[in-house]
Amino acid sequence: MTDNNLNDDWWKQAVVYQIYPRSFKDANGDGLGDIPGITSKMQYLRELGIDAIWLSPFYPSDLADGGYDIIDYRNVDPRLGTMQDFDAMVSAAHQEGIKVIVDIVPNHTANKHAWFLEALAAGRGSTARERYIFKEGSGPNGEFPPNDWQSLFGGPAWERVEDGQWYLHIFAKEQPDLNWNNPEVHEEFKKTLRFWSDHGTDGFRVDVAHGLAKKLDGASMKDLSHWTVHDSLSHDGTHPLWDRAQVHDIYREWRQVFNEYNPPRFAVGEAWVVPEHQYLYASPDELGQVFNFEFAIANWFSQDFRTAIRDGLQAAKSSGSTATWVMSNHDVPRHPSRYGLPQAPSKATHQLPKDWVLRDGTTYEENRELGTRRARAAILMETALPGSVYIYQGEELGLFEVPNIPWDRLEDPTPFRTRGRYTEKGRDGCRVPLPWNSQDAPHEASWDSRFGTGASFGFSPSDATAGSQSADPHLPQPLWYKDFAVDVEQQDPTSMLSLYKACLSHRAALLTSAHNTSVTWLDEGDEVIAYTRQAADNSGYTAIASITNFGKNAVALPEGDLILSSIQLDDPALLPQDAGAWIGIK
Ligand code: NOJ
């Protein structure tokens with residue numbers, strides 16, 4: 001926890017913890033995580049040492065896309081709580097010095113949203129349809145979609161409605177795209193931003209921030225580039241869908257709203273665009289910060305990480321913002337699993353890393369020891385960097401992807417909608433409810449011995465506390481979660497949780513200052529990422545060095561105090577392969 005928490009610049013070097021609310025903690029025993037569950041874990045979050053929580057959508061939703069299909073932007077899903085629960089959660093967070101960021105999804109609503117229902121009822125040519133992207137079809141009777149765009153979840157990006165018109169949905173058909181050429185849409189979102197700001201929210205994470213301005217006419221793209229593959233984008237702002245120049249007008253407008261508040265509300269954009277373009281979203285007259293996903297797509301190669309760090313710092317500097325670092329989130333396979341799979345340089349192939357094999361439904365065993373060892377080194381590399389660190393829930397426990405959830409328990413739309421249905425497992429493997437308590441271990445279930453029923457590692461209240469049996473967690477937890485439960489890791493000084501706590505408390509004490517954002521590279525060879533940063537005043541050091549060794553040969557550590565190491569070092573002066581260390585230099 002940093003004292004930046006108290007000033008306007010709190011976000012510039014913040015450690016932000018992403019909560020996927022339906023899988024964080026269930027307070028009422030219905031098997032779904034909820035807002036009171038988050039409130040109940042505020043002490044855990046404070047002890048972890050984070051500065052802010054970001055909540056993925058908790059709004060009313062039919063869950064066609066994990067809550068990113070929103071029925072009502074200014075309310076809490078009744079299964080997750082009430083507005084009073086939200087207010088109580090915000091005040092509990094603020095009492096612990098933790099800021100609260102909520103997710104804003106401006107590209108699409110849910111198809112059950114009042115506006116969409118009105119548009120369906122009002123018919124063609126109505127002002128209600130103007131809020132979305134309705135078109136006549138092609139072909140003699142309009143029986144074919146208006147163009148050949150494909151949805152990111154598979155199949156055409158157009159759905160036909162009863163009267164014969166078609167509407168655009170870049171994601172699932174339950175997520176109709178909004179028409180950002182319509183001033184009413186602009187007004188509606190400003191109202192939503194003010195609503196949550198008035199409820200004490202400190203900032204916003206903006207979903208698909210690079211996709212709102214679309215050019216529909218004349219564009220033909222059989223396969224829309226996946227929104228996480230930015231290398232295939234044209235980079236001049238003229239791509240018909242992604243990263244168009246006009247999208248920035250929207251964020252300049254939002255900035256006015258953010259600045260109505262004191263301190264101004266914070267925003268971070270999800271924009272899967274090339275680093276050179278990210279700064280546009282991050283500029284101070286727009287969102288202020290943008291996710292840099294280079295770590296999330298990098299494989300375990302020093303070159304990939306070095307480039308990611310260089311580009312990220314450079315882009316941040318040119319925008320007047322600070323860098324961001326993300327290894328995992330609710331859309332990508334958990335990184336200890338990724339690092340435990342055979343690696344290929346991601347940049348060399350211009351493709352998603354091979355580790356997406358985890359999502360294709362085949363059984364593929366990661367090397368867990370190796371994946372964990374690398375994940376431990378990675379968090380030391382990441383948390384010493386200037387900028388904001390985004391941690392995805394369960395990352396601090398070192399959880400692996402759960403790739404083998406039975407098909408009939410999956411929730412993510414990907415498996416059901418992608419071409420060649422049931423060939424991709426989708427994103428549920430990183431969204432499995434957290435294990436809080438090893439004592440409350442599930443019994444072996446008959447339908448699949450890897451998963452339990454009833455008890456939920458303390459995710460839901462145990463029978464004794466609830467007074468009645470809790471429902472099964474909405475996604476099944478594997479039995480191996482027992483070893484990763486919070487109570488186990490809290491007792492173990494060598495656990496991933498203990499390492500995360502140590503990193504975050506040393507980072508706060510030694511490194512964090514909103515204005516101390518430069519790194520000095522140390523030349524330790526190609527296979528090593530080594531840099532120093534100026535140490536905080538009163539830390540007793542002039543600089544802190546962070547060294548990560550990717551190569552086979554052990555490397556000599558710089559002279560100084562060994563502050564942290566990702567593994568127990570046999571020789572305190574030598575750093576072996578796949579290990580990291582922080583050295584305090586006097
Ligand atoms: C990005 C979100 O992170 C992802 O989970 C979601 O499916 C899409 N946007 C659509 O909202």
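How far is an oxygen atom of the ligand from an N or O atom in the side chain of His108? The distance is 3.0 Å. Keep in mind that this is a predicted model.

Let's stay with the ligand. Asp65 places a polar side-chain atom 2.6 Å from an oxygen atom of the ligand. For Arg205, a side-chain N or O atom sits 3.1 Å from a ligand oxygen. And how much of the ligand does the protein bury? On its own, the ligand exposes 290 Å², and 100% of that is buried by the protein.

Now the shell. There are 14 residues around the ligand. The closest are Asp65, Asp207, His330, Asp331 and Arg427. By type, the shell splits into 7 charged, 5 nonpolar and 2 polar residues.

Next, the strand that carries Arg205. That is E7, residues 203-206. Gly203 and Arg205 point one way from E7. Phe204 and Val206 point the other way. All four are buried. Remember Arg205: its side chain is the one at 3.1 Å from a ligand oxygen.

What does E7 pair with? One partner is strand E3, residues 99-104, in the parallel sense, over 4 bridges. Another is strand E8, residues 266-269, also parallel, again over 4 bridges. Look at Val206 in E7. In E8, Val206 stands opposite Gly269.

How values were computed: Residues are numbered from 1 along each chain as its sequence is written. This is a predicted model: local features need pLDDT of at least 70, side-chain atom pairs count only at pLDDT 80 or more; totals for chains, interfaces and linings use all residues. Side-chain values use heavy atoms; hydrogens and water are left out. A residue is near a molecule or strand if one of its heavy atoms lies within 4 Å of it. A polar contact is a pair of N or O atoms within 3.5 Å; within protein, one must be able to donate a hydrogen and the other to accept it, and residues adjacent in sequence count only if both atoms are side-chain atoms. Accessible areas come from the Shrake-Rupley method with a 1.4 Å probe; for residues, only the protein chains shown count as cover. Ala, Val, Leu, Ile, Met, Phe, Trp, Tyr, Cys and Pro count as nonpolar, Asp, Glu, Lys and Arg as charged, and the others, Gly among them, as polar. Buried means under 20% relative accessible area, exposed over 50%, partly exposed in between (1.4 Å probe, protein chains only). Helices (H or I, at least four residues) and strands (E, at least two) are DSSP runs, numbered from the N terminus. Two strands pair if DSSP finds at least two bridges between them.
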